[in-house]
Amino acid sequence: MDQDLPAKARRDRNKPERRKSSEADLSLMEFMREFPDDNACLEHLWRTKYAPDGEHAECPKCEQERVFKKYATKQGRQSWTCTGCGLHVHPTAGTIFQGSSTSLHLWYYAMYLMTSTRCGISAKQLERQIGVSYRTAHRMLKLIRVELMKDDGQMLAGDVEVDEASVDGKPRKPHGYNRYVAPPGVNRRSEAAKLRERSRATVFAAVERGGRIKATVLPSRHGPELQRQVIRWVHPESIIITDEWRAYNGLQRHFIDHSRINHAHGEYVVGSTHTNTVEGWFGHLKPSIKGTYRKVSHRWLQGYLNEFTWRYNERYSDTPMFRTLLQRAAQ
């Protein structure tokens, strides 16, 4: 039937192309063509980190630009050698790939998977995808989240929405009841709050309207720690928008203004006062954790927050997420 189509409509099945209507920055076929094996990934890392032309780089020993060559060795050494002094330069040194016996091709593919999904990828899924052990897959994802997706340290400014939430769900309800039931004589709401305080992780987030977001794990939603975190993250010449939670009392002393929306009275939008932006981010984070990872240990939760905030902050960047991650990996 392809012969009946006009020449413009025919496509080479051996060279699939990404359609213009696709929202992908880099398709799987494009990734495999650009990085077909471990040597291609190592060459890319070498050019990105040291030698854009693949040959000339600054030699730390000679303290000048020299020509570097990659020689085949019995040890399979992944290094380039200075033709002036014989110094070996290893592109993986000082990166998350240092000391790893896992193929660089698999590392690149893991980063590609993390940047091509909205809801993340679990270590178990990565184990099945690339054929490594679960411990290796978990370590790879942890290093990518903690080292490459960490916060850039820039302060938020403008209209900043602030909120806190628990990502561990609600208290478990007894069998046969459609809601949590407290013991006799105990207030249900206060008992649920105490249970959340004892066993649930508090995730605190602040987002610029139309801009970036920051998120971290706090030991409690009570006390002055929430205010300290806001002051640490947000520029003083900003407007803070929160709900009616009492831990936010007094923020107006540190910023231009502090607007509040009273959810307890059924208010969600009053003029330009609302926290829908940050709540929308939580609305994406919670189902993603429950659907992709099922449960996240409090020990590793900050890494997962790094991943979701990084993808949120990079969503409108002119540079594809995968390219940005590769640049960070080479630093």
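**Figure 1. The crossing of helices H3 and H4 is right-handed.** The view comes from a predicted model. H3 covers residues 104-115, and H4 covers residues 123-130. Their axes lie 11 Å apart. The packing angle is about 130°.

**Figure 2. Residues of H3 meet residues of H4.** H3 contributes Leu-106, Tyr-109, Ala-110 and Leu-113. On the H4 side, the partners are Leu-126, Gln-129 and Ile-130. These residues belong to the helix pair whose axes are 11 Å apart.

**Figure 3. Strands S1 and S2 run antiparallel.** S1 spans residues 56-59. S2 spans residues 64-69. Four bridges join the two strands.

**Figure 4. Four residues lie between the strands in the hairpin of S1 and S2.** Glu-63 takes a positive phi in this hairpin. The value is near 60°.

**Figure 5. The whole chain gives the setting for the close-ups.** The chain has 331 residues, and buried residues make up 41% of them. Ten helices and nine strands are present. Among contacts with a separation of 6 or more, 57% link residues 24 or more positions apart. The accessible surface comes to about 19,400 Å². Carbon and sulfur atoms account for 48% of that surface.

Methods: Residues numbered from 1 in each chain as written. Predicted model: local features only at pLDDT ≥ 70, side-chain atom pairs only at ≥ 80, totals over all residues. Heavy atoms only, no water. Buried < 20%, exposed > 50% of the residue type's maximum accessible area, 1.4 Å probe, protein only. Contact = heavy atoms within 4.5 Å. Areas by Shrake-Rupley, 256 points an atom, 1.4 Å probe, with all protein chains shown as cover. Pairing = 2+ DSSP bridges. Axes fitted to C-alpha atoms, helices over the stretch in contact; angles between N-to-C directions. Left-handed = near helix turned anticlockwise from the far one by under 90°.
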